[in-house]
Amino acid sequence: MATMGRPRTFDRDKAVEEAMHIFWQNGYESTSLSQLKAGIGNGISAPSFYAAFGSKEALFQECAQRYVSTYALVTESLWEVEFAPRDAIEIALRRSAKMQCERGHPKGCMVGLSVISTPSDENAAVIAPLTRSRARTRAGILACVKRGIECSELRTDTNARALATVFDSFLLGLSTLARDGVRRTVLDAAITQVMLAWDASRNMG
């Protein structure tokens, strides 16, 4: 007797997108298999879930990679040298704030929120793609600050790591604010204010 598999209409790509939203909203450990099975593809049986994705961990990592290759690209200006270093940071902050407040997906940033919902030690490796994404963004901000010093936009005595940390911590904080419903207009105004930290270190010579 043939066993029933997932329906022919099962859209795996759409299911991954739906699962990503569930993980984005709840975090890895707070998301149960029952939530995933109920929330993707209008419901999916346990056998079909394991056939399609292997495990919750494997599905999360696929979702994390999708997030990093799509939504997380809002900070790519940090690596685009055609932008002046100050502009590169400001563009990354404004694009991130816009994305985090958009409709159609959970509020906040999946990369930033994963800090808050970090799994227990035995599951820490699961969120490695998001940890690497944060590290890359942090390195990009620092590279912009160093570039500002090298091109004499910033003073030579500027503490590059401290200034970069100002922008990095602000970027991570956007996730909590967006999740709490702070409006984008408020976040944009705050970005204008935080960029004054750059201006305070300008080379006036």
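Student: Where is the place of Ser-152?

Tutor: Ser-152 sits in the loop between helix 7 (128-150) and helix 8. Helices here are DSSP runs of H or I with at least four residues, strands are E runs of at least two, and both are numbered from the N terminus. One caution first. This is a predicted model, where local features need pLDDT of at least 70, side-chain atom pairs count only at pLDDT 80 or more, and totals for chains, interfaces and linings use all residues. Residues are numbered from 1 along each chain as its sequence is written, and side-chain values use heavy atoms, with hydrogens and water left out.

Student: What is the phi of Ser-152?

Tutor: Start with the general idea. Most residues other than glycine have a negative phi. Ser-152 is not a glycine, yet its phi is positive, about 65°. Compare a glycine: Gly-27 follows helix 1, and its phi is also positive, near 85°.

Student: Is Ser-152 buried, exposed or partly exposed?

Tutor: Use the cut-offs. Buried means under 20% relative accessible area, exposed means over 50%, and partly exposed lies in between (1.4 Å probe, protein chains only). Ser-152 has a relative accessible area of 44%, so it is partly exposed.

Student: How many helices and strands does the protein chain have?

Tutor: The count is 10 helices and zero strands. The C-alpha atoms fill a box of roughly 85 × 30 × 30 Å along the principal axes. Of the 205 residues, 42% are buried.

Student: How do I check the span of helix 1?

Tutor: The expected span is 1.5 Å times one less than the number of residues. Helix 1 (residues 12-26) has 15 residues, so it should span 21 Å; its end C-alpha atoms are 21 Å apart, which agrees.

Student: What happens at the start of helix 1?

Tutor: A side-chain oxygen of Asp-11 comes to within 3.2 Å of the backbone nitrogen of Asp-13.

Student: Which residues of helix 1 are buried?

Tutor: They are Ala-15, Val-16, Ala-19, Met-20, Ile-22, Phe-23 and Trp-24. Their cover includes helix 2 (33-39), helix 4 (56-69) and helix 8 (160-179).

Student: What does Gly-108 touch?

Tutor: A contact means heavy atoms within 4.5 Å. Not counting residues up to four places away in sequence, the residues that Gly-108 touches include Trp-24, Tyr-67, Leu-113 and Ser-175. Gly-108 lies in the loop between helix 5 and helix 6. It has a relative accessible area of 0%, so it is buried. Gly-108 and Ser-175 are 67 residues apart in sequence, with C-alpha atoms 4.1 Å apart.

Student: What share of the contacts in the protein chain comes from residues 24 or more positions apart?

Tutor: Among contacts with a separation of 6 or more, that share is 70%.

Student: Where is Ser-133, and what does it touch?

Tutor: Ser-133 is in helix 7. At 12% relative accessibility, it counts as buried. It touches Val-68, Ala-72 and Val-111, not counting residues up to four places away in sequence.

Student: With which side chain does Ser-34 make a polar contact?

Tutor: A polar contact is a pair of N or O atoms within 3.5 Å; within protein, one must be able to donate a hydrogen and the other to accept it, and residues adjacent in sequence count only if both atoms are side-chain atoms. The side chain of Ser-34 makes one with that of Ser-32, at 2.9 Å. Ser-34 belongs to helix 2. At 47% relative accessibility, it is partly exposed.
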